[in-house]
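New page in the notebook.

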Amino acid sequence: REAEERAKARKTNTLYGIIAALFVLVAAAVLVYNSGVLQRGKTAVVIDGEKYTAAQVNYYYMSRKNSILNSGYATYYGLDSSKSMDSQIVSDTAKMFLQITDESEMTWDEYLRNDAIRTLTVRAKAAKLAEENGMGADDHTQEEINATMDEIAAYAKQNGYSTKEYLKLVFGSTMTVSTFKQMAELDDVSSHYMQHYQEDLTYTDSDLESYYAANKDSFDVAAYEYIYFKGSASSTTDADGNTVEVTDEMKAEAMAAAKTTADAIYAAYKAGTSLEDAAAEYESTATYASSDSFSYSSSVLGEWLYDDARQAGDSAVLEDSDSSNY
């Protein structure tokens, strides 16, 4: 019996040792993964035969994300900085203002990733052309990068971070100081080349008129104001607390209610009440917006604004049945 107990104790100790070792390995793996070491070197996209890593794509992904979150329009777009980007859908309002022509449903993560790859592609191609035309990185480029790094180091120190920590905070765990410098060089070289290229172009009046006639939507802008009413039904719960899914009848009722409110507002507007004042009376359900420079988009609002028959001062109640809005 003593021998059996000792053997059992040895097995238990061995088992605990294995479990402890596994916990150490798992903890080490998590630390390595969170550091971004595994992801930063992976090939994310290939442009003209050149491989670019996840860290390089993240540079533009995070730049765009931070730009939107700090623009003051994030809430209006329906973007919540406290939630993950892949759990939030890009709203129709965001698509309209960001000029996203893809009408399919997409998450913010998909939009940011596609935008990052697009930006990187343009930058990489421009930098390649710069090299081919003798306009690659030079002493001036290095001076620009050094000045940028000095500014970042000073700002990071002021906020209690090292440069390395600050770059990871802004651009994600895959970012390193060397990758940031590399991307800063790409930005500097491509920007200077694109500016030089644009300034070197010449066109005749006929060229400009022909191009404008074929691409009016890219140049013309419209001034407008509107009140936006959400006409979608929300799921509810029954007496037992179970979720009741939205039915077609509930959707129709919600749209009908939105249209009734929209028609009432429209009548008040035609009678002389400003849209902004009218919206204030329906603060919980109405969203007021205006713009002096709306570019064309293939949305219900965009198509109405850019209809050839449109005249200054026109007004209407528009229905966006795809997204249940008035």
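Predicted model: local features only at pLDDT ≥ 70, side-chain atom pairs only at ≥ 80, totals over all residues.

Entry 1, a surface patch. I found a nonpolar patch of about 420 Å², built from Y197, L201, Y203 and L208.

I traced L201 to the loop that runs between α9 (177–200) and α10 (205–214). Is L201 buried, exposed or partly exposed? I looked up its relative accessibility, which is 33%, so L201 goes down as partly exposed. The cut-offs I needed here are under 20% for buried and over 50% for exposed, with partly exposed in between.

I stepped back and noted 14 helices and six strands. Of the 326 residues in the chain, 29% are buried. The accessible surface comes to about 21100 Å², and carbon and sulfur atoms hold 50% of that. I also checked contacts between residues at least 6 apart in sequence: 60% of them join residues at least 24 apart.

Next I picked out α7 (residues 139–158) and α8 (residues 163–171). At what angle do these two helices pack? I have about 90 degrees, with the axes 9 Å apart. Angles of 65 to 115 degrees count as roughly perpendicular, so that is how I describe α7 and α8 relative to each other. On the α7 side, the contact is made by M149, I152, A153, Y155 and A156. From α8, I wrote down T163, Y166 and L167.

Conventions: Residues numbered from 1 in each chain as written. Heavy atoms only, no water. Helix = DSSP H or I, 4+ residues; strand = E, 2+ residues; numbered from the N terminus. Buried < 20%, exposed > 50% of the residue type's maximum accessible area, 1.4 Å probe, protein only. Contact = heavy atoms within 4.5 Å. Areas by Shrake-Rupley, 256 points an atom, 1.4 Å probe, with all protein chains shown as cover. Patch = residues over 30% accessible without salt bridge, like charges linked within 9 Å, V, L, I, M, F, W, Y side chains within 5 Å. Salt bridge = Lys/Arg side-chain N within 4 Å of Asp/Glu carboxyl O. Axes fitted to C-alpha atoms, helices over the stretch in contact; angles between N-to-C directions. Parallel < 35°, antiparallel > 145°, perpendicular 65-115°, else oblique.
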